[in-house]
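Have the structure open while you read.

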Amino acid sequence: MGKRGEDAEKETGRPAARKAPAEKRGATGRGTLGVYKGDPLTGSRSRTLMRLLPVVLLVAGVVFDEAAPPRFNASPLYAAAPLIAAPFFSLLGTVLTGALALAVVVLLQWQTGTLGGVDSTTELLTILTCALLALLSNRLVSRSGEQLATARSIAEAAQRAVLPIPAERIGGFDIAARYEAAQADALIGGDLYAVQETPHGVRLLVGDVRGKGLGAVEAVAVVIGAFREAAEQESSLEKVAQRLERALAREGVRREGLDQFEGFTTALLAEIPPGQSVVRTVNRGHPEPLLLHGDGDVRVLVPTQPALPLGMGDLGVWPDRSDATPFPSGATLLLFTDGLTEARDRNGVFYDPATRLTGRRFEAPDHLLEALSREVRVHTGGGPQDDMALLALRRP
């Protein structure tokens, strides 16, 4: 059958038709925004082991005290148990761990007849001090966790406002979107996407702001805001691109230069006119989108005339020209940022979506994006090495 045939059979078989888990699909079931946090099973095992460690230390302390000569004791193990329990247990669990450590030491001292001696009292005071410090640590960790949860909820609200998950169906097309930030605990970065139904057809935008941090997020908000306004008002995709250029230039002047907005933004604009089986694209220095046909054929939409990214108008002005490509029924348009194409394995080999997707068929756009996300994690041996935005639109 060959490799491509096997891949196609796998993608069209029953396993490919299973829905992704709800927490990965997001609220709509067709997209998600967030951070790749690694293998959840590995994290769960590590947390379970850390929860068992205080008990292991207490048991090891008892064994050591029973087996070692009288001049040796396991005080460090008893003192460490509540300190280790503090960040992983509740307040009650930390209190019980400290109390259990004290009870074990008192019982052992009573058994050996040393209870009340100077050394024994010092040992008990040391463990009691560690238990009290563990309670303080537990409260600080708990308060920090509450503050982090509040901060994350605010960040998620801002995330939804800047990059809302699109509806499952827009203008008669099936839609799926996915955003994965490479930076730990980041919810949004410099990648962006937008989908909008307009009087001129369904228009799409995928872009990548050079740089990271709040400056990049601010530029994302400016570009998306300008796109939503221009997509409704401008009659051509070329004019939409020019509006985005002017918006970045205008905001750059207001905020003391374009460096405030990280310099430039690569962008891919697409448009499916109403009643036409064609897709028009304007590429401003962005990775070329892919058109996946229903028979497994993949076409790379290379622009006939390369253009500079948005925000680089100072280097020269060239008129934007859109490219028209047939967009038949059953085909899927895939737009993405360079977080996908620049994902490298341990040997430095880049992930090539055109090659990987050739000969394969997906029942829905969200299946396609889930497969890409999964394969990038496998290819890199972890999460994406750069922010990655994916947007797929399928003509039923």
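This is a predicted model: local features need pLDDT of at least 70, side-chain atom pairs count only at pLDDT 80 or more; totals for chains, interfaces and linings use all residues.

1. Next, have a look at Arg-284. The closest N and O atoms of its salt bridge with Glu-245 are 2.9 Å apart, and both of these residues are buried.

2. Asp-320 lies in the loop between strand 9 (298–300) and strand 10 (323–326), so the pair ties together parts that are 36 residues apart in sequence. Arg-284 counts as buried because its relative accessibility is 8%, under the 20% cut-off. Asp-320 is buried too, with a relative accessible area of 10%.

3. There is also a salt-bridge network: Arg-178, Glu-180, Glu-370 and Arg-377 are joined through shared partners. Over the whole structure, a search finds 12 salt bridges.

4. Strand 3 deserves a point to itself. Is it enclosed or open? Since 9 of its 9 residues are buried, strand 3 is largely enclosed by the rest of the structure. Phe-173, Ile-175, Ala-177, Tyr-179 and Ala-181 point one way, while Asp-174, Ala-176, Arg-178 and Glu-180 point the other way. In a regular strand the side chains alternate between the two faces of the sheet.

5. What does strand 3 pair with? It runs antiparallel to strand 12, joined by 7 bridges, with Ala-176 partnered by Ala-392. It is also antiparallel to strand 2 (residues 169–170), through 2 bridges, and there Arg-169 has Asp-174 as its bridge partner. Strands 2 and 3 make a hairpin with 2 residues between them, and Gly-171 in the turn has a positive phi of about 60 degrees.

6. On the nonpolar side, the largest core has 50 residues, and Leu-204, Leu-205, Leu-269, Phe-327 and Leu-391 have the most contacts inside it. Helix 7 (residues 213–233) gives the largest share of this core, 10 residues. Apart from it lies another core of 20 residues, among them Leu-334, Leu-340, Phe-362 and Leu-368. If you click on Leu-391, its contacts include Ile-175, Ala-177, Leu-204, Leu-205 and Leu-334.

7. The unreviewed UniProt entry annotates residues 48–64, 84–110 and 122–141 as "transmembrane region". In the model, residues 48–64 are 100% helix, with end C-alpha atoms 24 Å apart. Residues 122–141 are also 100% helix, and the ends there lie 28 Å apart.

8. Last one: Glu-123, in helix 6 (residues 118–162). Glu-123 is buried, with a relative accessible area of 13%. Its side chain makes a polar contact with that of Gln-109, at 3.1 Å. Setting aside residues up to four places away in sequence, Glu-123 touches Asn-73, Ser-75, Tyr-78, Val-105 and Gln-109.

Technical notes:
Residues are numbered from 1 along each chain as its sequence is written. Side-chain values use heavy atoms; hydrogens and water are left out. Helices (H or I, at least four residues) and strands (E, at least two) are DSSP runs, numbered from the N terminus. Buried means under 20% relative accessible area, exposed over 50%, partly exposed in between (1.4 Å probe, protein chains only). A polar contact is a pair of N or O atoms within 3.5 Å; within protein, one must be able to donate a hydrogen and the other to accept it, and residues adjacent in sequence count only if both atoms are side-chain atoms. Contact means heavy atoms within 4.5 Å. A nonpolar core is a set of buried Ala, Val, Leu, Ile, Met, Phe, Trp, Tyr and Cys residues joined through side-chain atoms within 4.5 Å. A salt bridge is a side-chain nitrogen of Lys or Arg within 4 Å of a carboxyl oxygen of Asp or Glu. UniProt positions are given in the numbering used here, feature names are shortened, and annotations may be inferred rather than shown by experiment. Two strands pair if DSSP finds at least two bridges between them.
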